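User: I would like to learn how to read pockets, helices and cavities in a model. Please take one feature at a time.

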Amino acid sequence: MAETARRPDHRYGNRPTMKDVAARAGVGLKTVSRVVNGEPGVTPDTERRVQEAIEALGFRRNDSARVLRKGRTASIGLVLEDLADPFYGPLSRAVEEVARAHGALLINGSSAEDPDREQELVLALCARRVDGLIVIPAGADHRYLEPEIEAGVATVFVDRPAGRIEADTVLSDSFGGARAGVAHLIAHGHRRIGFIGDRPRIHTAVERLNGYRAAMEDAGLAVESAWVSLGSTEPARVRQAVAGMLTGDRPVTAIFTGNNRVTVTVVRALAAHERPVALVGFDDIELADLLGITVVAQDAAALGRTAAQRLFRRLEGQDGAPARVVLETALVPRGSGEIPPSD
């Protein structure tokens, strides 16, 4: 009578080990380890036998034991500004894809642009022994992270640089992108161009303002104080800025917006305006192609992917000084930035 193979009952702590898998597959313990950990050096036939033994025995890798042996938790933390912001969706997904490819779990949270909340989240993640961190900073002083970095927590800053420490950083070219966007408006005949951006303490807001000023200077155009507005991205504040720029003796004929949230409110405000006003926005937005909105697009997924790849290279032992990587932006003409001045 043939013996029927049954999966062992491990309800009472009798969990199968890699030795059990090796015995069943007829291979060495090191071979099983290579298959379980996804390491090279195993023939397809041998890998198939090991996987069949794993399935038959119901073997599961003991990650807790691996943490104790290697001092690693196979997890990384991602601290964003706002998980609800469409810009961060592709960035977060890209980080997660890279983490998954390295067998790591991603844990993320939102700082809500609050430096204290950012620090609280970062230190909470460190307390849970994440192997590395990707941080979109809300604060301007990251010296609180120095003990964690010295203890081995790999850290990469993305979208904005760290404050008062040296660390790997991945950025979009905010200055160059804004300069190109404003130069595009100038090339279409505009001389009175407004800038509406985020809070002045935010690195990207300042870089984009500097790019705006550089483009105006390149064209020999003076910037009037009434044409520049930095502050909260709340719709009421942005609408007020638009109204102020479109009135008076020298109203603007075009507006450059500093991020996607500002752009959305400006589009709504301009829809009710009696004369056409040209618009170029930094960041692409949903339906911008259908609405004909010209934008300076940054690749959020590339930002996340590049930051995560750099993080895992550090975790794999890459040494060297912190690097600063700047990714290019792209001007996408769709109509709103090509409207000529109305006067």
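**Reading the features**

Analyst: This is a predicted model. By class, the second largest pocket is lined by six nonpolar, six polar and six charged residues.

User: How many residues line the second largest pocket, and which lie nearest its centre?

Analyst: The lining has 18 residues, and those nearest the centre of the second largest pocket are Asp131, Gly152, Val153, Ala154 and Leu315. The space in this pocket comes to about 280 Å³.

User: How is a cavity found?

Analyst: A probe the size of a water molecule, rolled over the atoms, shows where empty space is left. Here there is one cavity of 30 Å³ or more. The volume of the largest cavity is about 140 Å³. It is lined by 17 residues, with Arg160, Thr204, Arg208, Asn259 and Arg261 closest to its centre.

User: What is the make-up of the lining of the largest cavity by class, and which helix gives the largest share?

Analyst: Eight charged, five polar and four nonpolar residues form the lining of the largest cavity. Both α9 (203-218) and α11 (260-271) supply at least two residues each. The largest share is from α9, with three residues.

User: Now a helix. What span should α3 have, and what is the distance between its end C-alpha atoms?

Analyst: Helix α3 covers residues 44-57, and at 1.5 Å a residue its 14 residues should span 20 Å; the end C-alpha atoms are 20 Å apart, so the two values agree.

User: Which residues of α3 are buried, and why do they line one face?

Analyst: An α-helix has 3.6 residues a turn, so residues three or four places apart point the same way. In α3 the buried residues are Thr46, Val50, Ala53, Ile54 and Leu57. Viewed down the axis of α3, these buried residues fall within an arc of 100 degrees, so they line one face of the helix. They pack against α1 (18-25) and α2 (29-36). Pro44 and Glu55, on the other side of α3, are exposed.

User: What follows α3?

Analyst: Gly58 comes after α3, and its phi is positive, near 70 degrees.

User: Last, a loop residue. Is Pro137 buried or exposed?

Analyst: The test is relative accessibility, with buried meaning under 20%. Pro137 has 3%, so it counts as buried. Pro137 sits in the loop between β3 (132-135) and α7 (146-150).

User: Which residues does Pro137 touch, leaving out those up to four places away in sequence?

Analyst: Pro137 touches Glu118, His142, Phe157, Val158, Arg160 and Pro161. Pro137 and Val158 are 21 residues apart along the chain, and their C-alpha atoms are separated by 7.8 Å. Arg160, touched by Pro137, is also one of the residues closest to the centre of the largest cavity.

How values were computed:
Residues are numbered from 1 along each chain as its sequence is written. This is a predicted model: local features need pLDDT of at least 70, side-chain atom pairs count only at pLDDT 80 or more; totals for chains, interfaces and linings use all residues. Side-chain values use heavy atoms; hydrogens and water are left out. On a 1 Å grid over the protein atoms alone, a cavity is a set of points where a 1.4 Å probe fits but cannot get out, and a pocket is an open set with protein on both sides within 12 Å along at least five of seven lines; lining residues have an atom within 4 Å of a point. Grid points are joined across faces, edges and corners, and a volume is the space filled by probe spheres set on the points. Ala, Val, Leu, Ile, Met, Phe, Trp, Tyr, Cys and Pro count as nonpolar, Asp, Glu, Lys and Arg as charged, and the others, Gly among them, as polar. Helices (H or I, at least four residues) and strands (E, at least two) are DSSP runs, numbered from the N terminus. The expected span of a helix is 1.5 Å times one less than its number of residues. Buried means under 20% relative accessible area, exposed over 50%, partly exposed in between (1.4 Å probe, protein chains only). The arc is that of the directions from the helix axis to the C-beta atoms. Contact means heavy atoms within 4.5 Å.
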